[in-house]
Amino acid sequence: MHTCESLATEIKNLGVSSGDTVLVHSSYKSLGKMEKGAETIVRALQQAVTYQGLLLMPSFNMVAEGNKKRRRSDTWDIEKSKSTVGWITEYFRQLPTTYRSNNYSHSIGAWGRDSIPFLCGHMSNRGPVSPWDRPPWGRTYGQDSPFYRAYEQSGKIMMIGDIPWASCTHIHFIETLYWNILLESDESAPYPRLNKKTVGKLWMDLHKKGLLGQSMSLGKVGSANCKLFQVSKFVDTILESVKESPSHFLKI
C-alpha cells in the first residue's frame, strides 16, 4: 500500500523540487493501491513542489455535457464542467485550493504560488493561433496561456504511468508553433498533425544516448513508470527536428 510519504519521496527522487512548476499527465490505475486513492498522490505531489511551487494538471472538457450533439463551447461551465482526462485530474479540480483557467476545451487546474496570475491569461488573444481558438475564449496555446507560460518559465512535465505520448499536450503546442511558422508564408497552410509515436521515440532515443542530460529522468512512483522532463528542452528539440525533417514527423 503506497503512502503519501513514500510517494512524495519517490517524486522528489525523480527530480521534482520545492518551487518547481510541474504539469502532470497521469494514469490513476498505474500507481497501484494507495491509502486514500487520488487524494494520496495529489497530496504527495503538493508536498514535493510545496506551496512555493506550482502544480498543474489538465482539466480538459473533451465531451459536451448532456446532449452529445452539442459542442463543448455550448455547455462549458468553469465551475461545473468536469475534467474528462482522468480521475486524478477531476479530484484535483474539485479541491477548494485549486484554480482553473477559463477555456472551454483546454482548461488547466493549478495549485500553489501565483496560481491565479499564471492562469488568468488564458482569455488573452496574444500569440499563436490554433484550431481550438473560439471567441470569447482566448488563444488556447497563446502567449499568455498556461502551456506557453510553462514553456517560458522553466516548467517540467511529469508523465505518470506508461501513458501514450498523445497524452502529452505540449505536442499539440509544438504543432501550433509549427503551424504558425507555416502560416507566415502560406495563409492557407493546413494544421500539421505530428506522429506522436515518432516524437516520443526521438525523445526517448536522445535520452538513451545521454544527449538530454539533466533535462530528462525516469523512475518509479508507486507502481507506475514515470518520466520527468523540461518543457522548454522538449519543445525546442522537437520543433527544430520537425522543421528539419517535416516528412518524418508529420502525419500525411
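This is a predicted model: local features need pLDDT of at least 70, side-chain atom pairs count only at pLDDT 80 or more; totals for chains, interfaces and linings use all residues.
Residues are numbered from 1 along each chain as its sequence is written, and side-chain values use heavy atoms, without hydrogens and water.

I looked up the α7 and α9 axes: residues 170-185 and 231-244 come within 10 Å and cross at roughly 45°. Axes are lines fitted to C-alpha atoms, for helices over the stretch in contact, with angles from 0 to 180 degrees between N-to-C directions. Helices (H or I, at least four residues) and strands (E, at least two) are DSSP runs, numbered from the N terminus.

I then listed contacts (heavy atoms within 4.5 Å). In α7, Phe-173, Ile-174 and Leu-177 are among the residues that meet α9, whose side includes Phe-234, Val-235 and Ile-238.

Next, the sheet. I found seven strands in an open, mixed sheet, ordered β3-β4-β2-β1-β5-β7-β6. Two strands pair if DSSP finds at least two bridges between them. The edges are β3 (99-100) and β6 (216-221), each pairing on one side only. I checked β5 (156-160) against β7 (224-230): they run antiparallel, joined by five bridges. Lys-156 has Gln-230 as its bridge partner in β7.

Last, the helices on the sheet. Helix α1 (4-14) touches β5, β6 and β7, at about 165° to β6. Helix α8 (196-208) lies across β6 and β7, at about 95° to β6.
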